[in-house]
Amino acid sequence: MKAILGYFVLLLLLLSVIIDPINGLFYRPEKWPEPKYNFENNPVTVEGFQLGKALFYDPILSKDSTISCASCHLQYTAFAHVDHPTSHGVDSRVGKRNAPGLMNLAWHPNFHWDGGVLGLNGQAVNPIIHPDEMGSNLEDVLFKLNHNPLYQKEFQKVFNTPQIKTHHLLKALAQFTVSLVSANSKYDQMKRGEAVFSEQEQKGYNLFLAHCNQCHVEPLFTNFKFKANGIGPNNVILDSGRAIITGNPKDAFLFRVPTLRNVEHSFPYMHDGRMGKLRDVVQHYANPNSWSFPISKELKNKENTLSAFEEKDLISFLKTLTDKEFLFNQQYRYFSFEIKN
Amino acid sequence: METLKFYLGSNSGDFILVDAADTGSFNIPLSDSILWIGMDSIANTSGKLEGVFDPLLGMYWAWNTGYIQLKLTGVLIQNHQNFPFEYHIGGYRWPHQTHGKIQLMDTHSIHVNLDELLLLLPIQSHPRIMIPGPMSKAIFTGFISCFE
């Protein structure tokens, strides 16, 4: 009997490590596709997750210790940046693009609005060295970390290394960011039979299926492709999007289809943060008169006009993609090794 | 010339970073008469980030994942005038891949004719090239032709 009980406890412990979203670690929601992230190369552990989280919230990564990842990626707004159309960094410098929300990154084939970054591990180099973001360099960051006894100890624990190197730093950060899984919105609960949509939400869902889901494919609500959004180049920031990466003029002004999960909270919208309200975006896509620039064929080839009622229905569905558990998950909150919390 | 760094690969897919400022990097274990200059697309996108792939080495393109295959910086002095130049040459997407084979006549030493290379660089017209593309590819092809 005792042995059985022992196994049971062990099983529970194992389960809590593998699939329990409460401890904050990565898990694969039921019926979701195979993640793209290579977990074999960087297995997520409790210690690694904590270390990544501490680094994520620590301005030590910036040149003057003023900016952390969380400066532009705030949990309560799905790790997006709501105060500003585009990100801002050291010396109050302003970047070119809207800091996107961070969630379900394990399924991303590539990163950034232009898809230029091919792996989550390497992504973090960008904000660290970009002059408009953290404005630092890897030498300085590694020097600071290697002279910080708290970090030295934690890196030793996670990677069993006396010297912190670039890949240790990047893998630690990725253990935290890859764990940011959002899959418990009302929509998810409805799909699992745990919640029922209101009539309005259901109508909105039907509209979504008819007009939006060719690009915003379930369950991740993006197909990860690069599409023309019809808003045209920004007057101030010239940004040709995907073409910067491929060098192909056909890719000019194409940007990644963003996820719609937690979209209610991740305003402003579009790659340059031009639109402040969800309604603005819905109206823009539904109304060809608003297209000042070429738009993707998925929208162009369809009659998308929505009545004022339909707009409201669609928005009420989009709000079912809000995942409160994710936005307020204690495990994602500010953490530092110096301040025990 | 201030910087001359490039990736050298063996047939078995190992790479080393040759740095003209570091004579230690000149000792290359040669076992084959065929060598590769630059990395193929697989190595560029492997996401290894360690050893010769460490972004710390200043050869990593963060915003457009991949590696600078050939870094050349310096100043050309001509008719008492200074012409600074800066070339970050790389790219693995077709048709602008910077990856090429060299056949060695002698497996004991490799010679690179830098005078010839300087003549090939478009220092007057394009003193800075930092992105993949036809210009990058042309400089890379020129660099390979300087191996004797």
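Contact here means heavy atoms within 4.5 Å. In this predicted model, that criterion puts A:Gln214 in touch with A:Asn223, A:Glu298 and A:Lys302, once residues up to four places away in sequence are set aside. A:Gln214 sits in the loop that runs between helix 9 (199-211) and strand 1 (226-228) of chain A. With a relative accessible area of 46%, A:Gln214 is partly exposed, because that value falls between the 20% and 50% limits. The side chains of A:Gln214 and A:Lys302 are joined by a polar contact of 3.1 Å. As for A:Glu298, its C-alpha lies 7.0 Å from that of A:Gln214, although 84 residues separate the two in sequence.

Turning to the interface, 17 residues of chain A meet 14 residues of chain B. Between them the two chains bury about 1300 Å², and 59% of this is on carbon and sulfur atoms. On the chain A side, the residues losing the most area to chain B are A:Leu118, A:His167 and A:Ile245, which together make up 34% of what that side buries. Five residue pairs are in polar contact between chain A and chain B, counting pairs with both residues at pLDDT 80 or more. Several helices of chain A give two or more residues to the side that touches chain B, including helix 3 (120-123), helix 5 (138-146) and helix 10 (242-246). Helix 7 of chain A gives the most, with four residues. Sorted by class, this side of chain A has nine nonpolar, six polar and two charged residues. One salt bridge turns up across the interface: the side chains of A:Lys171 and B:Glu50 meet at 3.9 Å, N to O.

In one of them, the ring centres of A:Tyr37 and A:Phe39 are 5.0 Å apart and the planes stand at 70°, so the pair is edge-to-face. A:Tyr37 is buried, at 12% relative accessibility. A:Phe176 and A:Tyr332 also pair edge-to-face, because their planes stand at 80°, with the ring centres 6.4 Å apart. A:Phe176 belongs to helix 7 of chain A and A:Tyr332 to the segment after helix 14 (324-327), so this pair ties together parts that are 156 residues apart in sequence. Both partners are buried: A:Phe176 has a relative accessibility of 0%, and A:Tyr332 has 3%. They also belong to one aromatic cluster, whose members include A:Phe49, A:Phe56, A:Tyr57 and A:Phe79.

Finally, the whole structure holds 15 salt bridges over all chains. A:Arg28 pairs with A:Glu34, with the closest N and O atoms 3.2 Å apart; A:Arg28 is partly exposed at 39%, while A:Glu34 is exposed at 58%. In another bridge, A:Lys157 and A:Glu154 approach to 3.4 Å between their closest N and O atoms. These two residues are three apart in helix 6 (residues 149-159) of chain A, which means that about one helical turn separates them. A:Glu154 is buried, with a relative accessible area of 8%. Over in chain B, B:Arg128 and B:Glu86 form a salt bridge with a closest N to O distance of 3.0 Å. B:Arg128 lies in strand 8 (residues 128-129) and B:Glu86 in strand 6 (residues 81-90), so the bridge links parts 42 residues apart in sequence. Here B:Arg128 is exposed at 56%, whereas B:Glu86 is partly exposed at 25%. Back in chain A, a network of salt bridges links A:Arg97, A:Asp114 and A:Asp239.

Technical notes
Residues are numbered from 1 along each chain as its sequence is written. Chains are lettered from A and ligands numbered from 1 in the order in which they are written. Side-chain values use heavy atoms; hydrogens and water are left out. Buried means under 20% relative accessible area, exposed over 50%, partly exposed in between (1.4 Å probe, protein chains only). A polar contact is a pair of N or O atoms within 3.5 Å; within protein, one must be able to donate a hydrogen and the other to accept it, and residues adjacent in sequence count only if both atoms are side-chain atoms. Buried area is the accessible area (1.4 Å probe) that two parts lose on being put together, summed over both. A salt bridge is a side-chain nitrogen of Lys or Arg within 4 Å of a carboxyl oxygen of Asp or Glu. Ala, Val, Leu, Ile, Met, Phe, Trp, Tyr, Cys and Pro count as nonpolar, Asp, Glu, Lys and Arg as charged, and the others, Gly among them, as polar. Rings of Phe, Tyr and Trp (its six-membered ring) pair if their centres lie within 6.5 Å; planes under 30 degrees apart count as stacked, over 60 as edge-to-face and the rest as tilted.
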